[in-house]
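Colleague: I have not seen this structure before. Could you take me through it?

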Amino acid sequence: MNVVDTLLPHLREHLPMLFKSTVLFFAIQSASYALSPALFPKTMQGMTRKERIEWSSKTVALVHALLIIPLAFKTYDDPELRQDPIFGYSPRVGNVLAFTCGHFIWDTIDSLFNASAGFVVHAVACLAVFGFSFGKFGVDKKFPTLSLVNDLLFVVAFFFARIIGGSRDSFVFFREMITRWDQIPTFLFLVYGVGNLALNGLNWLWFSKIIKRTIRTLKGGKTRAANGQEINGKAVNGNARQ
């Protein structure tokens, strides 16, 4: 077994989706770059090559948002993740993760050539977050204190990064969008606005599940692991869902 299979054992079965997704987003970018001048002649007139590339990149981001939001909502009722929202694994959700990882592979490569370092860091971070969901991680229950510290640090990190940081960014986003309402097409406001609310809603939903699970752990409750075995506290096998 190679290093990739060891670290990300669930990835291999989703490689076809990952490959097709990556090709799809490169194809959308190329199509947008080639066809936009004919489809939007007034808008594209006078644009430099760099501006046309930025336009095409935004087209890819828009398509990804329109596709991934309904796909993500379909994971709500997945029984395996409902049973274990932190360490559970579902092949169906794995395909959704592979699809979005394909987008962030495109995003990383595109940002390296066409954007600033900040965009590169964002793309790589997103790829890492979703990519490591194909792995199996856990804390050995022979060290309960270490496991408890790991649980609490995870709760704190999620709260400050996703809940506090995410809510703040969402507030700034809507404030700026409303301030420049007359300059933004209504359909774009709806797409980005609904997407923003949906993703923040997911953060709050996952945080509530994390809190419930942590409380059970602190009380010494039992958690069912991905392999069906019940153990005290948190499952030791399974893949993290981001």
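This is a predicted model: local features need pLDDT of at least 70, side-chain atom pairs count only at pLDDT 80 or more; totals for chains, interfaces and linings use all residues.

Colleague: How many helices and strands does the protein have?

Modeller: There are nine helices and two strands. Read from the N terminus, the order is α-α-α-α-α-α-α-α-α-β-β.

Colleague: And what percentage of the residues is buried?

Modeller: Of the 242 residues in the protein, 37% are buried. As for contacts with a separation of 6 or more, 65% of them involve residues 24 or more positions apart.

Colleague: Let us turn to helix packing. At what angle do α2 and α6 pack?

Modeller: Helix α2 covers residues 15-39 and helix α6 covers residues 91-114; they pack at about 45°, and their axes are 7 Å apart. An angle between 35 and 65 degrees counts as oblique, so α2 and α6 are oblique to each other. Their crossing is right-handed.

Colleague: Which residues make that contact?

Modeller: From α2 the contact includes M17, L18, L24, F25 and F26, and from α6 it includes A98, F99, I105, W106 and I109. By class, the residues of this contact comprise 11 nonpolar, six polar and one charged.

Colleague: What about α4 and α9: what is the angle there, and how far apart are the axes?

Modeller: Helix α9 spans residues 186-218, and it packs with α4 at about 40°, the axes being 11 Å apart. α4 is therefore oblique to α9. This crossing is left-handed.

Colleague: Which side chains are involved, by residue name?

Modeller: On α4 the residues are L62, L66, I69 and F73, and they meet L188, V191, G195 and A198 on α9. That contact has seven nonpolar residues, one polar residue and no charged ones.

Colleague: Changing topic, how many salt bridges are there in the whole structure?

Modeller: A search finds three. In one of them, D78 pairs with R92, and the closest N and O atoms are 3.6 Å apart.

Colleague: Which parts of the protein does the pair of D78 and R92 tie together?

Modeller: D78 lies in the loop between α4 (49-73) and α5 (79-83), while R92 is in helix α6, so the pair links parts that are 14 residues apart in sequence.

Colleague: Is D78 buried or exposed?

Modeller: D78 counts as buried, because its relative accessibility is 4% and the cut-off for buried is under 20%.

Colleague: One last residue, please. Where is A34 found?

Modeller: A34 is in helix α2. With a relative accessible area of 54%, A34 is exposed.

Colleague: How far is A34 from S56 in space?

Modeller: The C-alpha atoms of A34 and S56 are 9.1 Å apart, and the two residues are separated by 22 residues in sequence.

Key:
Residues are numbered from 1 along each chain as its sequence is written. Side-chain values use heavy atoms; hydrogens and water are left out. Axes are lines fitted to C-alpha atoms, for helices over the stretch in contact, and angles run from 0 to 180 degrees between N-to-C directions. Helices (H or I, at least four residues) and strands (E, at least two) are DSSP runs, numbered from the N terminus. Angles under 35 degrees count as roughly parallel, over 145 as roughly antiparallel, 65 to 115 as roughly perpendicular and the rest as oblique. A crossing is left-handed if the near helix is turned anticlockwise from the far one by less than a right angle, and right-handed if clockwise. Contact means heavy atoms within 4.5 Å. Ala, Val, Leu, Ile, Met, Phe, Trp, Tyr, Cys and Pro count as nonpolar, Asp, Glu, Lys and Arg as charged, and the others, Gly among them, as polar. A salt bridge is a side-chain nitrogen of Lys or Arg within 4 Å of a carboxyl oxygen of Asp or Glu. Buried means under 20% relative accessible area, exposed over 50%, partly exposed in between (1.4 Å probe, protein chains only).
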